[in-house]
Amino acid sequence: MPYVNESIPLDWLLNEILEHTPDSFGVFDKDNRLVFCNQNMANAFSLDKQEAIGKTMIELIKHAYHHGETINIETDDIEEWVKDTLSRKRIQRHRTFESDSKDGSWKQVTELMIDQELLVVSSQDITELKQTQFQLAEALKKIREIAAIDELTQVNNRRSFNELACVEVSKSKRYRHPLTVILLDIDHFKQVNDIHGHANGDLVLKEFASLFKQNLRDTDIFARFGGEEFVALLPETPLKEGLTLAKRLTKLLSLHTIQLLEPTMQLSITVSSGLTELYDTSDSLEKMLVRADKALYNSKENGRNQCWVYDAE
């Protein structure tokens, strides 16, 4: 390596650079014993540099686990953790990975093998980068949630329902499990808007959605399908059980009183629903919704405030 300023000892210069760099740096021999490191590397194992040099990687890791405040080792079985960690070292000449610390900081660790014997380990702080990544991930999550949720009622929107429901239909067909769909339409909702105004109409929609969502399982998929129409997909639910649930919710809604924006005004509403189940492996979400819509039509034509099951005849 060319070096032009011989008045400054090269060994001293390299040592100064390694000691004052914000990065951690260490070298392990073929037996995974630390033969050189700067203080930052020793700090990672909660040791002084002179204490760290000469110890094996296993000894360093165990010391950090039992006494350290830096490396975040989340395990109840340190022996197995060490075994797993060592099994991934010296497999390739160059390896880079990320590691978090107990104080919330992050390091990017780089390992480089030299002559199949020396393992050079260095790490640099990437906390700011990771925080930015986490913030972007959280922002993306919120954007996806906004895109999937109906703004007024805070339940799934139609697009989100279709995506989630298609997955459930595929699973039910694959494993031949029962699946029921309920299509719901609030009765005479136009009159609510005409008589009480759109603000109260929005209030009714929110109250309806909240009441139904509270009485469904976390595994059920509930969504606003458009206007005053809602839909519920019930995985692992035979049609008979789905009908029992629909009837219970229909009665619960009819007995429920909604407080309107005017302190003296209250309102009760009813809902009509149509149900069908997944027939066989040739069935689809689209076909189920068509059948449920036909059943819903019968429910409305025959007096509303009731549940109808699709009948092909």
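The following dialogue explains how several terms are applied to this predicted model.

Modeller: This is a predicted model, in which local features need pLDDT of at least 70 and side-chain atom pairs count only at pLDDT 80 or more, while totals for chains, interfaces and linings use all residues. Residues are numbered from 1 along each chain as its sequence is written, and side-chain values use heavy atoms, with hydrogens and water left out.

Biologist: Why is Gln116 called exposed?

Modeller: Buried means under 20% relative accessible area, exposed over 50%, and partly exposed in between, with a 1.4 Å probe and protein chains only. Gln116 has a relative accessible area of 64%, and is therefore exposed. Gln116 lies in the loop between β4 (106–114) and β5 (118–125). Such elements are DSSP runs numbered from the N terminus: helices are H or I of at least four residues, and strands are E of at least two.

Biologist: What makes the phi of Gln116 worth a remark?

Modeller: Most residues other than glycine have a negative phi. The phi of Gln116 is near 60°, a positive value, and the residue is not a glycine. Gln154 likewise has a positive phi, of about 60°, without being a glycine. Gln154 is found in the loop between α6 (127–148) and α7 (158–175), and its relative accessibility of 48% makes Gln154 partly exposed.

Biologist: Why is Asn157 called buried?

Modeller: Its relative accessible area is 17%, so Asn157 counts as buried. Asn157 also has its place in the loop between α6 and α7.

Biologist: How do you know that the side chain of Asn157 reaches the backbone oxygen of Ala147?

Modeller: A polar contact is a pair of N or O atoms within 3.5 Å; within protein, one must be able to donate a hydrogen and the other to accept it, and residues adjacent in sequence count only if both atoms are side-chain atoms. The distance from the side chain of Asn157 to the backbone oxygen of Ala147 is 2.7 Å. A polar atom of the Asn157 side chain also lies 2.8 Å from the backbone nitrogen of Ser160.

Biologist: Which residues does Asn157 touch, not counting residues up to four places away in sequence?

Modeller: Contact means heavy atoms within 4.5 Å. With that exclusion, Asn157 touches Ala147, Ala148, Ile149, Asp150, Ala223 and Arg224.

Biologist: What makes Glu19 and Lys49 a salt bridge?

Modeller: A salt bridge is a side-chain nitrogen of Lys or Arg within 4 Å of a carboxyl oxygen of Asp or Glu. The side chains of Glu19 and Lys49 meet at 2.8 Å, N to O, and so form a salt bridge. This pair links distant parts of the chain, with Glu19 in helix α1 (residues 10–20) and Lys49 in helix α3 (residues 49–52), 30 residues apart. Glu19, at 23% relative accessibility, is partly exposed, whereas Lys49, at 19%, is buried. The structure holds 15 salt bridges.

Biologist: How do you know that Lys89 forms a salt bridge with Glu111?

Modeller: The closest N and O atoms of Lys89 and Glu111 are 2.3 Å apart, so the pair meets the definition. Lys89 is in the loop between α5 and β3 and Glu111 in strand β4, 22 residues apart, and the pair links distant parts of the chain. Lys89 counts as buried at 12% relative accessibility, and Glu111 counts as buried at 3%. Salt bridges that share partners join Lys89, Arg95 and Glu111 into one network.

Biologist: What makes a space a pocket, and what lies in the largest pocket?

Modeller: On a 1 Å grid over the protein atoms alone, a pocket is an open set of points where a 1.4 Å probe fits, with protein on both sides within 12 Å along at least five of seven lines; lining residues have an atom within 4 Å of a point. About 750 Å³ of space lies in the largest pocket, a volume being the space filled by probe spheres set on the points, which are joined across faces, edges and corners. It is lined by 30 residues, of which Phe45, Ile71, Phe97, Ser99 and Val109 are the closest to its centre. Strand β3 supplies the largest share of this lining, five residues.
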